[in-house]
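User: I would like to learn how to read the features of a model. Please take them one at a time, with the general idea and then the case at hand.

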Amino acid sequence: MAAAALTVTVAVYMALVAFGNITDFGTNQQFVRHVLAMDTTFKDEDLMWRAIESHTVADLAYVAVIGWETLAALVLLWSGWQWAHALTRRAPDPAAVARARRTGTLGLVMVLLLFGLGFLAIGGEWFAMWQSSEWNGLDAAARNLTLAGIALVVLWLPGVLPPERTGPAVAHDPR
């Protein structure tokens with residue numbers, strides 16, 4: 001149950017993140033533009049060659065992030081539906097649980113890649129986002145990475161299947 005609950009929690013969170021970025025496109029569009037332009041970093045000449053000042057390239061990167069967030073949310077929502085289907089049966093179906101677990105793993109790894117590789121590694125290190133006091137999303141990325149990582153660990157803990165559910169106990173007369 002915890003695996004299903006965490007998967008659905010991350011699914012809803014990612015859906016809201018994607019929805020927010022779509023409906024309030026301009027706010028995080030500026031974030032991505034500033035991070036890629038490195039215009040609020042220390043302006044170290046040994047690093048500034050990495051800067052991308054093209055608004056078109058930055059906007060394409062931002063649209064790709066939104067697309068990835070949306071896809072991750074859909075995969076995780078699908079996993080949530082699979083968990084609900086697997087766990088609401090009288091006796092849990094191990095094959096259905098395995099499918100929900102695989103789908104959830106895919107979605108959670110997508111979130112880990114977005115926030116770990118995309119924001120921490122590429123944004124934080126390659127584009128030196130850590131140097132910016134104005135456009136620094138490392139704390140938020142770390143929170144998202146932690147949530148998805150914990151969900152993934154719980155998803156793969158032994159004993160994810162709940163105890164077998166049975167009907168009311170019936171007294172058995174051995175005669």
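This is a predicted model: local features need pLDDT of at least 70, side-chain atom pairs count only at pLDDT 80 or more; totals for chains, interfaces and linings use all residues.

User: Where does Lys43 lie, and what is its phi?

Analyst: Lys43 sits in the loop between helix H2 (25-37) and helix H3 (55-87). Its phi is positive, about 60°, although Lys43 is not a glycine. Helices here are DSSP runs of H or I with at least four residues, strands are E runs of at least two, and both are numbered from the N terminus.

User: What is the phi of Ala128, and is Ala128 buried or exposed?

Analyst: The phi of Ala128 is near 55°, again a positive value in a residue other than glycine. Ala128 counts as buried because its relative accessibility is 1%. It belongs to the loop between helix H4 (94-126) and helix H5 (138-155).

User: What does the side chain of Ser132 reach?

Analyst: Ser132 is also found in the loop between H4 and H5, and it is buried, with a relative accessible area of 5%. Its side chain reaches the backbone nitrogen of Glu134 at 3.2 Å.

User: Now the whole chain. How many helices and strands are there?

Analyst: The protein has 5 helices and 0 strands, running α-α-α-α-α from the N terminus on. Its radius of gyration is 21 Å, well over the 16 Å that the globule rule gives for 175 residues, so the protein is more spread out than a compact globule. That radius is taken over C-alpha atoms, and the rule is 2.2 Å times the number of residues to the power 0.38. Along the principal axes, the C-alpha atoms fill a box of roughly 90 × 30 × 20 Å.

User: What share of the residues is buried, and what share of the contacts joins residues at least 24 apart?

Analyst: Of the 175 residues, 41% are buried. For contacts (heavy atoms within 4.5 Å) between residues at least 6 apart in sequence, 78% join residues at least 24 apart.

Methods: Residues are numbered from 1 along each chain as its sequence is written. Side-chain values use heavy atoms; hydrogens and water are left out. Buried means under 20% relative accessible area, exposed over 50%, partly exposed in between (1.4 Å probe, protein chains only). A polar contact is a pair of N or O atoms within 3.5 Å; within protein, one must be able to donate a hydrogen and the other to accept it, and residues adjacent in sequence count only if both atoms are side-chain atoms.
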